[in-house]
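Dear colleague,

I am passing on the structure below, together with some notes on what turned up in it. Please keep it open beside this email while you read.

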Amino acid sequence: MSPRTRGGYTSSAPRRRPTGSERRRRVQLREVEPAADPDSVEHPQHDRDEHEEVFEGAPGGPIDRCILRSFDKHIAAKIWLGEDRAPLKLVNHGAKLQLWELDMERSRIYETVHRSGLASLTSCSHRVASRPMLSAFCERWQPETTTFHMPFGEMTITLDDVASILHIPVTGSMISFSQPLHVDDANALLVELLGTTDVDASRETEQCRSPSVRLLWLRDHFSTITDASSDDDVVFATRAFLLHLVGCTLFADKSATSVAVVYLELFRDLSMVGSYAWGAACLAYLYRQLTTATRFEVRQLGGYVTLLQAWIYEHFPEMFSSPDMSYTESRPRALRWRPHVIPDSLQSVRERLDRLQISEVCWEPYEDHRAEHPFPDIAWYSGCIKCGQVVEPYHPERVLRQFGYIQTIPPRPFTPPRPDRSSLLVQYWERWTDHLLTDQSRGRRCLYSGSGESVPEYMA
């Protein structure tokens, strides 16, 4: 059985193909669809065509659609009906980061990067990512709950996971843009903050066909700047390096070659770079990319795949991981593992996850890491996280077992407000200490550490 939720639940009966009569039974309804574009501004509602067929349940699918309203568009629904897709292509820039490494000859740039709170990203990216493994987990992601639906209940990537795996800030100012950047504004920003000419800026955005620049363009124009260069050139190169860094990691998009210029605004004042909640923005962006990847027609996964892959290694170490025995707890947990491509096919990984037992999960993997990197209280925050125009719900109450607490039936997931209500979201986030789960909401701690307990009715 799959976890119950107040207002509805799902079932995980044995797999079988639906009969012809089941295929013919269809129900029309309104649904909130996941955005097809990871940089989409909002989740609009759409009325269905009156002749459009709508998926109405299947073995393992939702019985009550009031929670998982977009399930008929989900890859899992298509699989139940006998359709399938190949493993997702992954946007992984682990190798590209090594094409622009900082050394003592660029120490002025490195000092600024170190103060930014993003220095760990220069070394913790996995060069190899497993397509079958990550694809199988994407198929278990549910956009409405922002959790993976496993045979024994829900799990997700939390702010604690982000802080432990990447060692980047999860508290600070919310990364928020009032509106998407127009190409003309992007050109002006490149001239102002990177010192390029109008001609060079226009030529680059025209080549990208968007308000973006190629990662290669950034390296070609700024990687040769050293401490011997002028002060202005060092500042320009530092901003370019940071833009290249987040484009290769936190905000890797499905172009696989470029980064949005809008993030350059975050590096205008280099002394303020460390004041942003980079981890929360990275998580919101990855949530949206996972949501997009649940659509059957999507063939690629963006976002920081190192974060997702390391999260899988941490929580399912006996199934997928290969530890690096030289690892020390002072380093990000992403470096604890030797990434490798598992030999299993996508179908084989699906079947392994179907058979997964609760005892095979490492619910609290960071106990040995706490001395070096304490638990961040903000991981208990219940509300929205944001990255520019992307707004996603964050639900720690749905994954209490990952915090060492007994899982109870969670409340209904909330629908995030539109991104144009940015000021309200920012105010809510700034008062995050007022929006932590209360002791009553957390309930009781598990009797044994890492036991993954839940109340009996959770899986009833």
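Asp84 counts as partly exposed, because its relative accessibility is 44%, where buried means under 20% relative accessible area, exposed means over 50% and partly exposed lies in between, with a 1.4 Å probe and protein chains only. Asp84 forms a salt bridge with Arg350, and the closest N and O atoms of the two are 2.7 Å apart; a salt bridge here is a side-chain nitrogen of Lys or Arg within 4 Å of a carboxyl oxygen of Asp or Glu. Arg350 lies in helix H14 and Asp84 in the loop between helix H2 (75–80) and strand S5 (89–90), so the pair ties together parts that are 266 residues apart in sequence. Helices (H or I, at least four residues) and strands (E, at least two) are DSSP runs, numbered from the N terminus.

Before going further, please note that this is a predicted model, in which local features need pLDDT of at least 70 and side-chain atom pairs count only at pLDDT 80 or more, while totals for chains, interfaces and linings use all residues. Residues are numbered from 1 along each chain as its sequence is written, and side-chain values use heavy atoms, with hydrogens and water left out.

Asp200 and Arg203 meet through their side chains in a salt bridge of 3.0 Å, N to O, and both lie in H8, three residues apart, which is about one turn of the helix. Asp200 is partly exposed, with a relative accessible area of 26%. Glu204 meets Arg214 in a salt bridge of 2.8 Å, N to O, and this pair links distant parts of the chain, with Glu204 in H8 and Arg214 in strand S9, 10 residues apart. Glu204 counts as buried at 3% relative accessibility, whereas Arg214, at 22%, counts as partly exposed. Elsewhere, salt bridges that share partners join Glu314, Glu329, Arg333 and Arg336 into one network.

After H8 comes Arg209, whose phi is positive, near 55°.

The next topic is the nonpolar core, meaning a set of buried Ala, Val, Leu, Ile, Met, Phe, Trp, Tyr and Cys residues joined through side-chain atoms within 4.5 Å. In soluble globular proteins, nonpolar side chains tend to be buried together. The largest such core here has 118 residues, and those with the most contacts inside it are Leu250, Trp278, Phe316 and Phe320. Helix H11 (residues 278–293) gives the most to this core, with 11 residues. Apart from this core lies another, of six residues, among them Ile67, Leu68, Ala77 and Trp80. Leaving aside neighbours within four places in sequence, Phe320 is in contact (heavy atoms within 4.5 Å) with residues including Met133, Phe137, His340 and Leu353.

Strand S6 (residues 141–142) and S7 run antiparallel and are joined by two bridges, where two strands pair if DSSP finds at least two bridges between them. Gln142 stands opposite Thr147 in S7. S6 and S7 form a hairpin with four residues between them, and Thr146 in the turn has a positive phi of about 45°. S7 also pairs with strand S8 (residues 153–155) in the antiparallel sense, over three bridges, with His149 opposite Glu154 in S8 and a hairpin that joins S7 to S8 through two residues. In S7 (residues 147–150), Thr147 and His149 point one way and Phe148 and Met150 the other way, and all are buried.

With best wishes
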